[in-house]
Amino acid sequence: MISTKNITFSYNKEQSFILPDLHCDAGSTILITGDSGKGKTTYLHILAGLLHPTTGAITIDDTDIVTLSESKNDKFRGQNIGIVFQKSHFVSALTVLENLEMASWLASGKKNSNRAKKLLEQLSITNQSDKLPNQLSIGQQQRVSIARALMNEPKVLLADEPTSSLDDKNAEKVIELLTSLSKENKAALIIVTHDSRIKEKFSNRITLV
Amino acid sequence: MIAKLAWRNIWFKPLNTILSIILLTSSVAIITVLVLLEKQFEEKFNSNIDGVDLVLGAQGSPLQLILSSVYQVDAPTGNISYDSAKVWMQHPFVKKAIPLAFGDNYRGYKILGTTTDYLEKYEAKISKGKVFEKNFEVVIGGEIAKKLNLKIGDEFFGSHGDAAEGEVHDHFSYKVVGIAEMTGRVVDNLILCTIPSVWEMHGSHEEEELHNPIHGEEGHRHEEGDEHLQHEHDHDEHSHHDDKEMTLDEKGMEITAVLLQFRNKMGIVTWPRIIAQNTKMQVASPAIEVNRLVSMFGIGIDALRYLAYGIMLISGISIFIALFNTLKERKNEFALLRVNGAKRHQLLILVMIESLLLCVVGFIFGTILGRIALMLISSSAEKDFKFSFNPYEFIWKKEGVLFLLTLFVGFFAALLPAIKAYQLNISKTLANA
């Protein structure tokens, strides 16, 4: 469960955002849409604790992440928030499996190999697990990103334009995986997108203006 | 896990890594060799001078006199009359005087005529057998016994002069009666006998005018070879009528040098002038000459040392450039690690470890390479000067300092990139990606 209240943010005096409140229960999905420059990515970064809002509160289960110190925030994010980016980033020197293990090690101090293998299997990329990330296709990379975001059984799953660089078939598949896996893991799923292909699939939408 | 990631990262860009490691390795290797060489060289040189205050010998280069008579590495300056040397050897200032007469060689190992004081001076105990008493009895150094596999009772012929290819003196054979312990000093590589053996080997007193008994003077070898042919007959006669052994009391003989130890230290200061003014001989101080030699080497050693530090500086810069260049492409990785829960200081540590790992690897390779180089140097020095170095010695203090210096270079090279990683703005990085 994640909910926000009265969030405002400004990079500088000229550019400030007043962001609408949202509430998303575990297992359900919210779509955040809006044109470029309306603060979609900014909102997502605030929700992830990567940016500190000027005012407002963000509650994930019982924790207000705005009040956390930076290092507590890092830890909280690692354990409770999974993020899927538009373009997949990986630690390029580590294999796919090791990338997933790294995600769990950073959050909990343990390499959860079993969980990593199970996720890779669910996403049907087990045979790629010993490859380096840049040896995979873009569609496969995006699936690995989803697996990594889900490694620590997060309470919130954030996706930033997860489909924009994918073709129709892959886009559909990624959305399907995101929704089904977030339901299965009881995570609140928030997707930021301007991709019209997926807008129609979700009824719960917030549009930034 | 961070260390593992750091290890993977440095091998992900192998060319950068190898360049940095090669630079580090070569600078560490040069410094290691210098450190070991300098220490062992000084040790060897100093251990051989112990108990020798001055050396009395023929006029010429004092350094040459010291090198030839104390270290057995150079040709002697010439011969001196034993009778006139005795005057000084028996002087009340002198505590101990060890006469040396350069004889022949056996397979490149020098045969040195001397007294048993020589063995005592080098604290070379006889491990097998006894000391030489009669003429042509020899005590061989521990190193020779090992290398040439000689045993008590073995007999051999010497070759003339100091070249192993010299003419063989086959009318007298030397007999091994004792083997000295290894001492790590020059005596390990010497064959020692009585001085009269050297005299007798080269003919008795009567032949004196025709050829010089010992080999101090340069250019004397070839003539002597010819003479030997002419006097072959003579020699045979001599060996028959020379039933009475020659002794040190023989008159009119020559020796090569005398090692002097003083009772009265005044002598060390005053003798060089007195002897130069009153005789045709000279005395030289090993301490002064070795100092001179070391200071001559010193310029080269210093130059090498600066070169090595220069290379180390360059390797530091190379690590810095490699880390700084990849920082840009790795920004996303760093941001990602932060998103996954890594703290700022973990990124700082990651960059630091990468640099320090390079340094540790470079140091290990450098230490090994330095020792391999020393082994090679040692084997060639062994061949040319009978002088060997021990590559397995560790000088913990100096090499420890070198290790810390290497780490410091790594730390310094990584400082700026690590701070940049620490200060990374994740949101901005991800938004611009």
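Visitor: Which residues touch the most other members of the largest nonpolar core?

Guide: In this predicted model, that core has 106 residues, and A:L47, A:I146, A:A147, A:V156, A:L158 and A:I190 touch the most other members. Helix 10 (residues 286–339) of chain B gives the most to this core, namely 12 residues.

Visitor: What makes A:I190 a contact partner of other residues?

Guide: A contact requires C-beta atoms within 7 Å. Leaving aside residues up to four places away in sequence, A:I190 touches A:C24, A:I30, A:I32, A:L47, A:V156 and A:L158.

Visitor: Why are strand 4 (residues 29–34) and strand 10 of chain A called paired?

Guide: Pairing requires at least two bridges, and four bridges join strand 4 to strand 10 of chain A, so the two strands pair. They run parallel, and A:I32 has A:I206 in strand 10 of chain A as its bridge partner.

Visitor: How do you know where the predictor's confidence is lowest among the elements of chain B?

Guide: On a scale of pLDDT from 0 to 100, helix 8 (residues 221–241) of chain B has the lowest mean, 43, whereas helix 12 (residues 396–422) of chain B has the highest, 93. Over residues 216–242 of chain B the pLDDT is below 50. For chain B the mean pLDDT is 84.

Key: Residues are numbered from 1 along each chain as its sequence is written. Chains are lettered from A and ligands numbered from 1 in the order in which they are written. This is a predicted model: local features need pLDDT of at least 70, side-chain atom pairs count only at pLDDT 80 or more; totals for chains, interfaces and linings use all residues. A nonpolar core is a set of buried Ala, Val, Leu, Ile, Met, Phe, Trp, Tyr and Cys residues joined through C-beta atoms within 7 Å. A residue is buried if 20 or more other C-beta atoms lie within 10 Å of its own, exposed if 12 or fewer, and partly exposed in between; C-beta atoms are placed from the backbone. Two residues are in contact if their C-beta atoms, placed from the backbone, lie within 7 Å.
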